[in-house]
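Me: I'm new to this one and would like to know what the labels rest on. Can you show it to me and take my questions?

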Amino acid sequence: MTDYTVHIVDDEEAVRKSLAFMLTMNGFAVKMHQSAEAFLVFAPDVRNGILVTDLRMPDMSGVDLLRNLGDRKIKIPSIVITGHGDVPMAVEAMKAGAVDFIEKPFEDSVIIEAIERASAHLVVPDADADEVNDIQARLETLSERERQVLSAVVAGLPNKSIAYDLDISPRTVEVHRANVMAKMKAKSLPHLVRMALAAGFGPA
């Protein structure tokens, strides 16, 4: 059993219970919350906790939950779960303090690895200087066009929109995106966005 508790916030009971069961079976201590409001009431008493929250919920979204936690100076490493392609909202969540985001549908191993990464923030709150310098060095290897594509990706734009804005073909955008992923050593789109934000590289 881990020495921290994973707090699951999702308005759908079946999703909460399914995720909680899977994490419990993998050795995590878990507590479920049926809404962002319910977790906010509980949050001041959280010690050694990690938050896993859905982004789109009625009444209060995952982004609003993170902003409320920030306003109250409550620091809890947070992971947001988003629908496929909902990158703009996920980026907003990361700007509001989330340490990671995961796109549905996802494999069990993906969320487990994200939680384990987030647990490092219980000891080390932010990316250290060496890590940021490493990311910035990778950014320096990008061509001007690749930086434009990365900026658009971080803004959550789909390939067709990027192609239109840059007056290039969607296929060319795909090539640039692949080059950016390779040069940045990104394992996934969330990983790429996380690195870009850590280095202060946002949408143009």
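**What the labels rest on**

Reply: Helix 7 spans residues 144-154, and its buried residues are E146, V149, L150, S151, A152, V153 and V154. This is a predicted model, where local features need pLDDT of at least 70, side-chain atom pairs count only at pLDDT 80 or more, and totals for chains, interfaces and linings use all residues. Residues are numbered from 1 along each chain as its sequence is written, and side-chain values use heavy atoms, leaving out hydrogens and water.

Me: Why is D54 called buried?

Reply: Buried means under 20% relative accessible area, exposed over 50%, and partly exposed in between (1.4 Å probe, protein chains only). D54 has 6%, so it's buried.

Me: And what makes K104 partly exposed?

Reply: K104 comes out at 33%, so it gets the in-between label.

Me: How do you know that D54 and K104 form a salt bridge?

Reply: The term needs a side-chain nitrogen of Lys or Arg within 4 Å of a carboxyl oxygen of Asp or Glu. For D54 and K104 the N to O distance is 3.4 Å, and that makes a salt bridge. The pair links distant parts of the chain, 50 residues apart, with D54 in strand 3 and K104 in the loop between strand 5 and helix 5.

Me: What makes D100 and R117 a salt bridge?

Reply: Their closest N and O atoms are 2.4 Å apart. D100 lies in strand 5 and R117 in helix 5, so this pair ties together parts 17 residues apart in sequence.

Me: Why is D59 called exposed?

Reply: D59 has a relative accessible area of 76%, so it's exposed. You'll find D59 in the loop between strand 3 and helix 3.

Definitions and conventions
Helix = DSSP H or I, 4+ residues; strand = E, 2+ residues; numbered from the N terminus.
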